[in-house]
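Welcome! Take a moment to look over the sequence and turn the structure around before reading on. The notes below will walk you through it, topic by topic.

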Amino acid sequence: MKIETARDKLLSNYEVIQYINSIKKKKKQNASRRKSVMKTENLETILLELQGYLKGTPAERQTEAEIRAFIKELSVYELEKAEKLQLINLAPVSMVALHSVIEECDQRFSEEEREHMLTLVNTYLHPEVTEAPFDDSKRS
């Protein structure tokens, strides 16, 4: 694989979705031009696989304004760039998920701070809340 332009910036899933959409838009505009069938097929395969992976993730429901507001609110905490990115991409809804994203979470942040982070995630990032596979309260 050839890297055409080296990047040193990490992208969120939202940014990847936006980039895919821009590629599709350019592809439609350039449909009249003939290009290598192999390159087009490879690109199409990559785009389809990426879309399949990102479909149903919180990134699909996020907006740039919400992400910016989330990052601004989150700036009161000393988080690494990678931790912020993971919070945006994964949008954790539970304390367990938050601990898996933020290294030494319980040592670095108080219970109130961690709860506030989860509140920010719920407010700005539209996390996907799925029903637990097993719930004792529904048993008769």
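In this predicted model, helix α3 meets helix α4 through I67, F70, I71 and L74 on the α3 side and K84, L87 and I88 on the α4 side. Sorted by class, the residues of this contact are six nonpolar, no polar and one charged.

**How α3 and α4 sit together**

- Helix α3 covers residues 64-74 and helix α4 covers residues 81-90; the two pack at an angle of about 135°, with their axes 11 Å apart.
- Are the two helices roughly parallel, roughly antiparallel, roughly perpendicular or oblique? Angles over 145 degrees count as roughly antiparallel and 65 to 115 as roughly perpendicular, and α3 and α4 are therefore oblique to each other.
- The handedness of the crossing of α3 and α4 is right-handed.
- As a reminder for reading such lists of residues, an α-helix has 3.6 residues a turn, so residues three or four places apart point the same way.

**How α3 and α7 sit together**

- Helix α3 also packs with α7: their axes come within 10 Å and cross at roughly 165°.
- That angle makes α3 roughly antiparallel to α7, because angles over 145 degrees fall in that class.
- The crossing of α3 and α7 is right-handed.
- From α3, the residues in this contact are E66, A69, F70, E73 and L74, and from α7 they are M117, L120, V121 and Y124.
- By class, the contact of α3 with α7 holds seven nonpolar, no polar and two charged residues.
- Keep an eye on F70 and L74 as you turn the model: these α3 residues meet α4, and they meet α7 as well.

**Inside and around α4**

- Which residues of α4 are buried? They are E83, L85, L87, I88 and N89.
- The cover over these buried residues includes α1 (13-29), α3, α5 (95-101) and α6 (105-108).
- Q86 is also found in helix α4, but Q86 is partly exposed, because its relative accessible area is 35% and buried means under 20%.
- Setting aside neighbours within four places in sequence, Q86 is in contact with A91 and V101.
- Q86 and I102 are 16 residues apart in sequence, and their C-alpha atoms are 8.5 Å apart in space.
- A91, one of the contacts of Q86, comes just after α4 and takes a positive phi of about 45°.

- S12 lies in the segment before α1.
- Is S12 buried or exposed? With a relative accessible area of 5%, S12 is buried, because the cut-off for buried is under 20%.
- P58 sits in the loop between α2 (37-54) and α3.
- P58 is buried too, with a relative accessible area of 7%.
- Not counting residues up to four places away in sequence, P58 touches N89, L90, A91, L125, H126, P127 and E128.
- How many residues separate P58 and E128 along the chain? They are 70 residues apart along the chain, while their C-alpha atoms are separated by 6.1 Å.

- R114 lies in helix α7, which spans residues 111-124.
- R114 has a relative accessible area of 10%, so R114 falls under the 20% cut-off and is buried.
- Apart from neighbours within four places in sequence, R114 is in contact with M95, L98, H99, C105, D106 and F109.

**The whole protein**

- The protein has seven helices and zero strands, and from the N terminus on its elements run α-α-α-α-α-α-α.
- Of its 140 residues, 28% are buried.
- Among contacts between residues at least 6 apart in sequence, 63% join residues at least 24 apart.
- The accessible surface comes to about 10800 Å², and 52% of that surface belongs to carbon and sulfur atoms.

Key. Residues are numbered from 1 along each chain as its sequence is written. This is a predicted model: local features need pLDDT of at least 70, side-chain atom pairs count only at pLDDT 80 or more; totals for chains, interfaces and linings use all residues. Side-chain values use heavy atoms; hydrogens and water are left out. Helices (H or I, at least four residues) and strands (E, at least two) are DSSP runs, numbered from the N terminus. Buried means under 20% relative accessible area, exposed over 50%, partly exposed in between (1.4 Å probe, protein chains only). Contact means heavy atoms within 4.5 Å. Axes are lines fitted to C-alpha atoms, for helices over the stretch in contact, and angles run from 0 to 180 degrees between N-to-C directions. Angles under 35 degrees count as roughly parallel, over 145 as roughly antiparallel, 65 to 115 as roughly perpendicular and the rest as oblique. A crossing is left-handed if the near helix is turned anticlockwise from the far one by less than a right angle, and right-handed if clockwise. Ala, Val, Leu, Ile, Met, Phe, Trp, Tyr, Cys and Pro count as nonpolar, Asp, Glu, Lys and Arg as charged, and the others, Gly among them, as polar. Accessible areas come from the Shrake-Rupley method with a 1.4 Å probe; for residues, only the protein chains shown count as cover.
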